[in-house]
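Subject: Structure handover

Hello,

Here is the structure I promised to pass on. Please open it alongside this email. My notes follow below.

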Amino acid sequence: MPVINRLADFHTEMTAWRQDLHAHPELAFEEHRTAAFVADKLTEFGLEVYRGVGVTGVVGLLRGQGNAPRHLGLRADMDALPLQEANTFAHASKHPGKMHACGHDGHTSMLLGAAKYLAETRNFDGTVAFIFQPAEEGRAGAKVMMDDGLFDRFPCDQVYGVHNWPELPVGEIAVRPGPIMAAADTFDIEIRGHGAHAAMPHHGIDPIVVAAQIVLAAQALISRETSPLDNAVLSITTIHAGTADNIVPSHATLGGTVRTFDAAVRDRLEQRMAALVKSVAAGFGATADFTFHRGYPATVNHAAEADLARQVAAQVVGEERVRTNVAPCMGAEDFSFMLNQRPGAYVWIGQGSGSGDCMVHHPRYDFNDAILPIGASYFAALTERLLPRQS
Ligand code: NI
C-alpha cells in the first residue's frame with residue numbers, strides 16, 4: 001500500500017488548510033486562530049473535541065469500530081517562529097515578524113488529513129487521541145499539555161510524532177531507534193572575586209583570571225572525561241566583566257549551552273561542571289555560583305516502536321525509501337517529554353529543499369505540500385496497524 005488513495009483525494013484540501021495556516025502564523029501559546037481552525041475541522045469530521053488543554057492545545061478523540069481498550073496518541077505541533085518571512089508567494093505570512101518557518105503548519109495539516117480519513121473509514125478498533133500542541137519552539141508546549149493532565153484525561157498507550165526534514169528527499173522517511181534529537185540545556189556561572197586598582201592587583205582577587213581558567217578547564221569535561229563514543233557539546237557563549245582599563249572588577253559572569261543524547265552523560269556533565277566551577281574559583285580565593293537550566297531532554301525513540309514506525313513507513317513509501325542509518329540531530333524537540341513517559345517514535349519525513357532551497361528556521365523556508373499525503377498516510381496507516389480490527 002503506497003499513499004492511501006483516499007488521502008491523495010484530500011491533497012487539494014490539505015494544501016488549502018496548510019497555506020491558510022502558513023498565512024496566519026501564531027507564536028507560542030497565542031495559537032488561538034490555529035486552535036479554533038483545528039477544533040472546527042475536528043468537530044466537522046465528527047470527533048469529540050477538547051480545547052484549552054495546555055493553554056491553546058487541542059485534543060480530538062476518535063473511537064473506531066469495536067471496544068478494544070487500546071489508546072493511541074498522534075501528535076502535531078501548531079506554533080510558528082518570531083521571524084520575518086522573506087517569501088512573496090500568495091500564502092506568505094500576513095503577520096509581520098511571525099512565520100511558519102519550521103513546517104508546523106504542514107504537521108498540523110497532515111494530522112488533520114489523517115483525522116478526516118480515519119473518521120470517515122473507522123477501519124480500526126480502539127481510540128485515537130489527536131494531539132495538537134502549542135509552543136514547540138522553546139516553550140515546551142508538549143510538557144505544558146502533559147502538566148495539564150493530557151495522558152490522564154486522554155490515555156495513550158503509545159505516542160507518535162513526525163517532523164518534515166529538508167535534508168531528505170521527498171518520498172523518504174527516516175527513523176532510528178534510540179536518540180534522534182539532543183537535550184538542550186543552558187548554564188550561568190557567576191564568579192565573585194574582589195575588586196582592586198588594576199595597577200595593584202595583589203589587593204584583589206581577579207574574577208577575569210578565574211573566568212579564563214574555568215573556560216579552559218571546562219573543555220576537559222568533554223575531551224578528557226566524556227567517552228569518545230558518546231556525543232556531547234559544551235559551548236561557553238557569553239563572558240561579561242569589567243567597566244574600565246584601570247579597575248580589576250569584583251565579579252564576572254559566563255553562560256553557555258550543553259547538548260547531549262544520553263541522560264547519564266547529561267547528569268554527569270551537570271554535576272562535574274558544578275564541582276569544577278566551584279573548585280577552580282576556590283583555587284584562586286574566589287567563589288562561584290553555577291546554575292544549570294534543563295531545557296528539552298533528548299528525543300529518544302523506543303526500539304520496538306521505532307521498528308514499527310519503520311514498517312509502517314515502508315508500507316507508505318516503500319522499503320527502499322526508509323532510512324534507518326541517519327545520524328541524530330543536535331537540535332532539540334519537545335516531543336521528547338512525551339517519549340519519556342510513553343513508548344513511541346518520532347520520524348523525519350523528507351521534504352527536499354523545497355521552493356526556498358533552505359533548512360527549517362530560514363526566512364525563505366516553506367513546507368512542501370507535496371508531502372501532505374505521505375505524512376497523513378503514515379499517521380493513518382499507523383492507526384490501522386496498531387489498532388487492528390478483530391476479524
Ligand atoms: Ni519544528
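Which residues of helix 4 meet which residues of helix 11? Keep in mind that this is a predicted model. From helix 4 come Gly106, Ser109, Met110, Leu111, Gly113, Ala114, Tyr117, Leu118 and Thr121. Helix 11 answers with Leu372, Gly375, Ala376, Phe379, Ala380, Thr383 and Glu384. By type, the residues of this contact divide into nine nonpolar, six polar and one charged.

Now the geometry of that pair. Helix 4 covers residues 104-121, and its axis lies 8 Å from that of helix 11. The two pack at an angle of about 45 degrees.

The chain as a whole

The chain has 391 residues, and 54% of them count as buried. It holds eleven helices and 16 strands. Along the principal axes, the C-alpha atoms fill a box of roughly 85 × 45 × 40 Å. Take the contacts between residues at least 6 apart in sequence: 82% of them join residues at least 24 apart.

The cores

In soluble globular proteins, nonpolar side chains tend to be buried together. Here the largest nonpolar core has 65 residues. Leu42, Leu74, Phe130, Phe132, Tyr160 and Tyr378 have the most contacts inside it. Which helix gives the most to this core? Helix 11, residues 372-386, with nine residues. Another core lies apart from the largest one. That other core has 27 residues, including Val53, Leu61, Ala129 and Phe335.

Tyr378 deserves a look on screen. Leave aside its neighbours within four places in sequence. Tyr378 is then in contact with Tyr160, Val162, Ala309, Val312, Ala313, Val316 and Val347.

Helices 2 and 3

Helix 2 and helix 3 pack at an angle of about 160 degrees, with axes 10 Å apart. Angles over 145 degrees count as roughly antiparallel, so that is how helix 2 and helix 3 lie to each other. Their crossing is right-handed. Helix 2 makes the contact through Trp17, Asp20 and Leu21. On the helix 3 side are Arg33, Thr34, Phe37, Lys41 and Phe45. The residues of this contact divide into four nonpolar, one polar and three charged.

Is Glu31 buried or exposed? Glu31 counts as buried because its relative accessibility is 0%, and the cut-off for buried is under 20%. Glu31 lies in the loop between helix 2 (11-23) and helix 3 (32-45). Beyond four places in sequence, Glu31 is in contact with Glu26, Thr56, Met78, Asp79, Pro134 and Ala135. Thr56 is 25 residues from Glu31 in sequence, yet their C-alpha atoms are 6.0 Å apart.

Arg266 sits in helix 8, residues 263-283. Its relative accessible area is 9%, so Arg266 is buried too. Not counting residues up to four places away in sequence, Arg266 touches Ala183, Asp185, Thr260, Arg294, Gly295, Tyr296 and Pro297.

Best wishes

Conventions: Residues numbered from 1 in each chain as written. Predicted model: local features only at pLDDT ≥ 70, side-chain atom pairs only at ≥ 80, totals over all residues. Heavy atoms only, no water. Core = buried A, V, L, I, M, F, W, Y, C linked by side-chain atoms within 4.5 Å. Buried < 20%, exposed > 50% of the residue type's maximum accessible area, 1.4 Å probe, protein only. Helix = DSSP H or I, 4+ residues; strand = E, 2+ residues; numbered from the N terminus. Contact = heavy atoms within 4.5 Å. Axes fitted to C-alpha atoms, helices over the stretch in contact; angles between N-to-C directions. Nonpolar A, V, L, I, M, F, W, Y, C, P; charged D, E, K, R; others polar. Parallel < 35°, antiparallel > 145°, perpendicular 65-115°, else oblique. Left-handed = near helix turned anticlockwise from the far one by under 90°.
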